[in-house]
Amino acid sequence: MHSLQGKTAVDASKILYVDVHCHLEDPEFDEDRDEVIQEAKNNGIICITCGLGLKKGKLSLDISRKHKGQIFACVGMPPYSYNENNFSEVIEFLRKNSAELVGIGEVGLDFYWVKEKTKEKNRRNI
Ligand SMILES: [Zn+2]
């Protein structure tokens with residue numbers, strides 16, 4: 001994982017906001033993702049997008065590569081989608097791409113969505 005210092009596409013003196021938690025990889029943005037990102041850039045906003053699980057984690061990293069210095073990626077695994085197989089895949093992906101990722105997001109501390117006892121165990125495993 002690396003820091004954002006000196007790595008943004010937006011002039012540091014013009015950064016007004018850092019959105020540290022968004023989901024630009026969400027299919028909701030498939031139609032206008034690039035326009036949304038350009039609008040953010042025009043307004044001095046840089047973003048950290050958090051892909052949950054392997055598929056969305058890869059997409060987050062792809063978006064950050066496409067919008068280098070504007071969008072940064074982290075990958076997480078929420079307890080509601082945990083199982084040992086996909087957990088191992090995510091860990092491997094994190095290790096393989098750690099130089100480009102800025103963090104690990106949305107893991108294990110989900111007290112809002114996870115109320116069932118069985119998923120509580122997943123939260124602890126993560
Ligand atoms: Zn989130």
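Select α2 first: this helix has 14 residues and reaches 20 Å from its first C-alpha to its last, close to the 20 Å expected at 1.5 Å a residue. The expected span is 1.5 Å times one less than the number of residues in the helix. Helices (H or I, at least four residues) and strands (E, at least two) are DSSP runs, numbered from the N terminus.

The model is predicted: local features need pLDDT of at least 70, side-chain atom pairs count only at pLDDT 80 or more, and totals for chains, interfaces and linings use all residues. Residues are numbered from 1 along each chain as its sequence is written.

**The buried residues of α2**

Within α2, select Gly53, Leu54, Gly57, Leu59, Ser60, Leu61, Ile63 and Ser64, which are its buried residues. A residue is buried if 20 or more other C-beta atoms lie within 10 Å of its own, exposed if 12 or fewer, and partly exposed in between, with C-beta atoms placed from the backbone. Against which elements do the buried residues of α2 pack? They pack against β2 (45-52), β3 (71-77) and α3. Here, two residues are in contact if their C-beta atoms, placed from the backbone, lie within 7 Å.

**α2 beside α3**

The axes of α2 (residues 53-66) and α3 come within 9 Å and cross at roughly 20°. Axes are lines fitted to C-alpha atoms, for helices over the stretch in contact, and angles run from 0 to 180 degrees between N-to-C directions. The two helices, α2 and α3, are therefore roughly parallel to each other; angles under 35 degrees count as roughly parallel, over 145 as roughly antiparallel, 65 to 115 as roughly perpendicular and the rest as oblique.

At this contact, Gly53, Leu54 and Gly57 in α2 meet Asn86, Glu89, Val90 and Phe93 in α3. The contact residues divide into three nonpolar, three polar and one charged. Ala, Val, Leu, Ile, Met, Phe, Trp, Tyr, Cys and Pro count as nonpolar, Asp, Glu, Lys and Arg as charged, and the others, Gly among them, as polar.

Is Glu92 buried or exposed? Glu92 counts as exposed because it has 11 C-beta neighbours inside 10 Å. Its C-alpha atom is 9.6 Å from that of Leu54, 38 residues apart along the chain.

**The sheet**

Now display the strands: an open sheet of four has the order β1-β2-β3-β4, with parallel pairing. β1 (17-22) and β4 stand at the edges, each with a single partner strand, so one side of each is left without a neighbour in the sheet. The twist averages 25° from one strand to the next. Two strands pair if DSSP finds at least two bridges between them; β1 and β2 have four, in the parallel sense. Select Val18 to find Ile46 of β2 opposite.

With the helices shown again, α2 lies across β2 and β3, running at about 170° to β3. Helix α3 packs on the sheet, touching β3 and β4, and its direction makes about 150° with that of β3.

**Two last selections**

Glu100 is in the loop between α3 and β4 (103-107). With 14 other C-beta atoms within 10 Å, Glu100 is partly exposed. Not counting residues up to four places away in sequence, Glu100 touches Leu61 and Ser64.

Finish at Glu106, in strand β4. Its phi is near 50°, a positive value in a residue other than glycine. Glu106 counts as partly exposed, with 19 C-beta neighbours inside 10 Å.
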